[in-house]
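Here's a quick briefing to read alongside the model. Keep the 3D view open and click through the residues as they come up.

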Amino acid sequence: MTPRKIIIDTDPGQDDAVAILLALGSPDEIEVLGITAVAGNVPLALTEKNARIVCELAGRPDIPVYAGCDRPLGRPLVTAEHVHGKTGLDGPALPDPTMPLQEQHAVDYIIDTIRAHDTGTVTLCPLGPLTNIATALQRAPDIAQKIQQIVLMGGAYFEVGNITPAAEFNIYVDPQAADIVFRSGIDIVVMPLDVTHKALVTAERNDAFRALGTPVGIAVAQMTEFFERFDKEKYGSGGAPLHDPCVTAYLIRPDLFSGRHVNVQIETTSELTLGMTVADWWRVTDRAPNATFIGDLDADGFFALLTERIARL
C-alpha cells in the first residue's frame, strides 16, 4: 500500500501534538509532506513553535513546518489558553526547537504542493481553525479539484458547543473560513465533538502511554494529564477527549469510525449561534450532502492503535 500524502494544518495544542505524533509513527500508511501552523488554540508564534517542538520530540526534524495566518478572515482571534495553558503544550517540559521554520508562507506552501502533485493524491488534515485552508482556496480556486480529501476536526451536532452553547472551538474561531471550506465541493470528512468526546483518555489509557517508558510516551501522558483537568471538570467525564488524533486515526483505520454523508452548513451571521455546524443528520432537508459527518468510533481500537504507534517513536 502506498502511504497517503498529507499536509497537517494545525494549532498545537496537546491533542494536536498527539495527532501529529500518530501520523509520524505511521509511515506505512501516512507520508507527512509538511506541517502548516495557524493561529487558534494559542497565537501563531506559539503554534508554529509547538509544531517544531513536536517534530523534534518524534525525532523528525526533517519535516518542514510553515507559519500561516495569524488571525481569522473577518474577526478577532479567540484563543484557548484556559484549556491548553500559556504555551499550548503545557504539561511536559520540552526544549525549544532547533529546527528552522520554513520561510515560505503556509498558504503558498499548500497551494504549491497541491499543484505540484497529481490530482487526487494530497489530503489536507486541518486540526484547528480553517483559515489557512480557506485562504488557499480563495487565492487558488484551481486547487479544489486537485485535493484528494479534507479530513478535519471541528464542529458538533448532538454535542452542540464547547466554546459557546452552539459552536465548537475550531469552527467558531473562523466561521467564515469554515463556510468557504464546506462550500468548496471537496470531499470532506468531519470529526465533530460527537465522535471526539467518545475518545476519552481514562487513567488506564494514560497509564499505557506512560508505561511505554519512552520520551514520547511519557510526554503524551503528561500532555493529556494537563489538559484533562479542564475537560473532566467541565463535562464530568472520566477523562479528557482526544479530539485531533481522530483525524489521523481515520486515515490509518477508517474501519474504527462510522458516520453519515449529510449536508453541513456553517452559521456565519447570528450572534447567538455564530460558528454552529448545522448538520442535517436526520436528512430532513433537500440540501445536497457535502460532508461525511462522523458520529461514533471504537474507542478501545482507537487507543490500541494510538499506543502502538506512539511506541514506535
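Contact here means heavy atoms within 4.5 Å. With that in hand, look at Ile-186: leaving aside neighbours within four places in sequence, Ile-186 is in contact with Leu-137, Ala-144, Ile-147, Gln-149, Ile-150 and Asn-290. Keep in mind that this is a predicted model.

**The overall build**
- Along the principal axes, the C-alpha trace spans about 50 × 45 × 40 Å.
- Take the contacts between residues at least 6 apart in sequence: 82% of them join residues at least 24 apart.

- Buried residues account for 60% of the 313 residues.
- The accessible surface is about 11900 Å², and 51% of that belongs to carbon and sulfur atoms.
- On the charge side, you'll find 24 positive and 41 negative side chains, with the centres of the two sets 1 Å apart.

- In soluble globular proteins, nonpolar side chains tend to be buried together.
- The largest nonpolar core here has 62 residues, and Val-32, Ile-35, Met-191, Phe-257, Phe-302 and Leu-306 are the ones with the most contacts inside it.
- Helix α1 (residues 14-24) gives the most to this core, with eight residues.
- What does Phe-257 touch, leaving aside neighbours within four places in sequence? Its partners include Met-191, Val-195, Tyr-250, Leu-297 and Phe-302.
- There's also a second, separate core of 38 residues, which includes Ile-171, Val-262, Val-264 and Ala-279.

**Back to Ile-186**
- Ile-186 sits in the loop between α7 (175-182) and β6 (188-191).
- Is Ile-186 buried or exposed? Its relative accessible area is 5%, and the cut-off for buried is under 20%, so Ile-186 counts as buried.
- Ile-150 is 36 residues away from Ile-186 along the chain, yet their C-alpha atoms are separated by 7.1 Å.

**Backbone spots to check out**
- The peptide bond from Pro-12 to Gly-13 is cis, with omega near 0°, and Gly-13 lies in the loop between β1 (4-10) and α1.
- Val-160 isn't a glycine, but its phi is positive, near 50°.
- You'll find Val-160 in the loop between β5 (147-153) and α6 (169-173), and at 43% relative accessibility it counts as partly exposed.
- Arg-283 also has a positive phi, near 55°, and its place is the loop between β11 (277-279) and β12 (291-297).

Note on methods. Residues are numbered from 1 along each chain as its sequence is written. This is a predicted model: local features need pLDDT of at least 70, side-chain atom pairs count only at pLDDT 80 or more; totals for chains, interfaces and linings use all residues. Side-chain values use heavy atoms; hydrogens and water are left out. Buried means under 20% relative accessible area, exposed over 50%, partly exposed in between (1.4 Å probe, protein chains only). Accessible areas come from the Shrake-Rupley method with a 1.4 Å probe; for residues, only the protein chains shown count as cover. Lys and Arg count as positive and Asp and Glu as negative; His and the chain ends are not counted. The place of a charge is taken as NZ of Lys, CZ of Arg, CG of Asp or CD of Glu. A nonpolar core is a set of buried Ala, Val, Leu, Ile, Met, Phe, Trp, Tyr and Cys residues joined through side-chain atoms within 4.5 Å. Helices (H or I, at least four residues) and strands (E, at least two) are DSSP runs, numbered from the N terminus.
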